Amino acid sequence: MAPLPAAPPRLPFLVNLARRLLAKAERSSGAAVRLPLDARNAPELYEAADAEQLQLLRLQLDTLVASGWMALRLEPARAFAAFTDRRPRLELLDFDALAAWCGHLPLAQRWQRQWRDHLSAHWAAQPREAPADPAALLDYLARNPLTSLEGLPLEDATRSLRALAQLCCSGRPWRLREASARVFQGRSKLLDHRDELLRLLGAAPGQFTEAPIQLLLAPPDPHSAGSGAVAAFDEVLFIENLATFEHLADVRGPAWRRSLLVYAAGFRGSARRLRSRSGCRLYLRAPAAAAALPEIESWLFDAARSDCPVAFFGDLDFAGLQILASLREVFPAARAWQPGYAALADCLRQGVGHAPEQAGKALQTDPEVTGCAWADEELLPLLRHHGRCVDQEAFVPAEGGQLPA
C-alpha cells in the first residue's frame, strides 16, 4: 500500500487559498466547487517579481494539490501561454480535511459557538434565567447543536430557549411538536429526539409526549362468521402503504380472509407506543365493524395476550424490512407476510423492479438482520443480489394475490 502524502506546510499563500475555497463552498449550492486563481483570489501569482518567485509559488501549490484535498484544473497548454493564462482553478475534493488543516471553522459551527458564549454571558448577567446546570446544558448544545436555529439573531435564539425552559418548569403537559412550534418560530420538529435537552431545562418525566400513532383497522367481514356473529381474526397483518391496505380490505383473498388488517399511519421507529392506550388511537375503516373493537383492544393493549400471529407486508426494500425489525421489538414473533413478499420476490427474480436511486431510496441502509428467519435468509439476500426494489403496490389482490403475467 502506498504511503499517504504528508500534510503540506502551513504557508500563508496556501492557507489563504484554502480558506477562500472553503468559504466559497459554504456559499455554493452546486456539486463542484471551484475557485479561480485570478488576481483577486491569488494576487501573489500576479505580483511575483520574477520567474523564480512564481516557480516557488507553483511548487507550494503543488504540495497542497498533492494532499488530495483539492485538484488543480487548467486549460490546455498553448504555445507561449504562462500558468496564469491557462485559467487555473482549484476544485474542492475534501472539505473536512482541508478545513482541519487550515483551521477553518464552518459557518454553522461558528454560529453555534457564538451562541454558547452568548448564553454563558446571558446567564451570568441574569442568573434567574440560568438552568440548574448551565455547564451540562452548554455541553449538550456542543454535542447536539440546534442547527435549525442557525442564522437567527443570538438574542432571538436565547429567547426561544428561555420560552422552552418556562414550558418545562410549568409542569404542564404538552404534545412535543406543539411545544416546539410554540417556542421555535413555528417549527414543529425541532424537539424530536431531544429528551436530554428537555430534562436539562427542568421537564418532568412524561411531561412532553409524541402524538399518538393512528391505526386504521379493517377486521374480517362479519358475514364470514355466520349470521349475527362477530368475525374473529386469527392473524394481524400490518401493511406499510395505504393503497395496498385499501385494496386488501376490498378484495379479501383466502390468505387474508380472516386477518385483521392494520395500516399504521406514520409508523416507523416508534413501535413501542403501539401497545399503549395513550400512545395509540384506533380508527375503524367501516363503522359496521365496531362490534370487533373489544377483541381488537384486548389483543393490542393486554400484554398477556400474545397468542395471535402478527405479520408485516411492505415494500420489498431495505426500509420496509427495517420496519419489520422495529415491529418485532414489540411483537417478537412478527414475521414477513409470505403471500405478499413471495409475489414481490418473484417480480425481482423476473427482472421487474427499480434501482434505489430511481425512487428516492438511495440512502436506505441494509438492516443486516430483521430477526424473521425467512426475511433474513430469502428476502435480504435477494435485495443485495439484485440491487433493485419492488413497491408493495405491485401485489395484486385479485385472484388470490397472484401477480399478472
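The following exercises, each with a worked solution, concern the predicted model shown above.

Residues are numbered from 1 along each chain as its sequence is written. In this predicted model, local features need pLDDT of at least 70 and side-chain atom pairs count only at pLDDT 80 or more, while totals for chains, interfaces and linings use all residues; side-chain values use heavy atoms, with hydrogens and water left out.

**Exercise 1. Overall make-up**

State how many helices and strands the protein chain has, and what share of its residues is buried.

Step 1. The protein chain contains 14 helices and 11 strands. Helices (H or I, at least four residues) and strands (E, at least two) are DSSP runs, numbered from the N terminus.

Step 2. Of the 405 residues, 40% are buried. Buried means under 20% relative accessible area, exposed over 50%, and partly exposed in between (1.4 Å probe, protein chains only).

Step 3. Among contacts in the chain with a separation of 6 or more, 72% are between residues 24 or more positions apart. Contact means heavy atoms within 4.5 Å.

**Exercise 2. Aromatic pairs**

Determine how many aromatic pairs the structure has, and describe the pair of Trp299 and Phe331.

Step 1. Searching the whole structure gives 12 aromatic pairs. Rings of Phe, Tyr and Trp (its six-membered ring) pair if their centres lie within 6.5 Å; planes under 30 degrees apart count as stacked, over 60 as edge-to-face and the rest as tilted.

Step 2. Trp299 and Phe331 are stacked, at 5.5 Å centre to centre and with 10 degrees between the planes.

Step 3. This pair links distant parts of the chain, 32 residues apart: Trp299 is in helix 11 (residues 293-301), and Phe331 is in the loop between helix 12 (318-327) and strand 11 (335-336).

Step 4. Trp299 is buried at 3% relative accessible area, and Phe331 is buried at 6%.

**Exercise 3. An edge-to-face pair**

Explain which parts of the sequence are tied together by the pair of Phe313 and Phe395.

Step 1. Phe313 and Phe395 form an edge-to-face pair, 5.4 Å centre to centre with 80 degrees between the planes.

Step 2. Phe313 belongs to strand 10 (residues 310-313) and Phe395 to the segment after helix 14 (373-386), so the pair ties together parts 82 residues apart in sequence.

Step 3. Phe313 is buried, with a relative accessible area of 0%, and Phe395 is buried at 3%.

Step 4. Both rings also belong to a cluster in which ring pairs link Trp256, Phe313, Trp337, Tyr341 and Phe395.

**Exercise 4. The nonpolar cores**

Identify the residues with the most contacts inside the largest nonpolar core.

Step 1. A nonpolar core is a set of buried Ala, Val, Leu, Ile, Met, Phe, Trp, Tyr and Cys residues joined through side-chain atoms within 4.5 Å.

Step 2. The largest such core has 55 residues, and Phe238, Trp299 and Phe331 have the most contacts inside it. Helix 13 (residues 338-349) supplies the largest share, six residues.

Step 3. Beyond four places in sequence, the residues that Phe238 touches include Trp299, Phe313, Leu327 and Phe331.

Step 4. Another core, of 29 residues, lies apart from the largest one; among its members are Tyr140, Leu167, Leu176 and Leu191.

**Exercise 5. Helix 12**

Step 1. Eight of the 10 residues of helix 12 are buried, so the helix is largely enclosed by the rest of the structure.

Step 2. The buried residues are Phe318, Gly320, Leu321, Ile323, Leu324, Ala325, Ser326 and Leu327. Their cover includes strand 7, strand 10, strand 11, helix 13 and helix 14.

Step 3. At the N-terminal end, Asp317 caps helix 12, with a side-chain oxygen 3.3 Å from the backbone nitrogen of Ala319.

Step 4. Phe318 and Cys389 are 71 residues apart in sequence, yet 8.4 Å apart in space, C-alpha to C-alpha.

**Exercise 6. Glu235**

Locate Glu235, state whether it is buried or exposed, and name the side chain that it joins in a polar contact.

Step 1. Glu235 is in strand 7 (residues 235-239).

Step 2. Glu235 has a relative accessible area of 8% and is therefore buried.

Step 3. Its side chain makes a polar contact of 2.8 Å with that of Ser259. A polar contact is a pair of N or O atoms within 3.5 Å; within protein, one must be able to donate a hydrogen and the other to accept it, and residues adjacent in sequence count only if both atoms are side-chain atoms.
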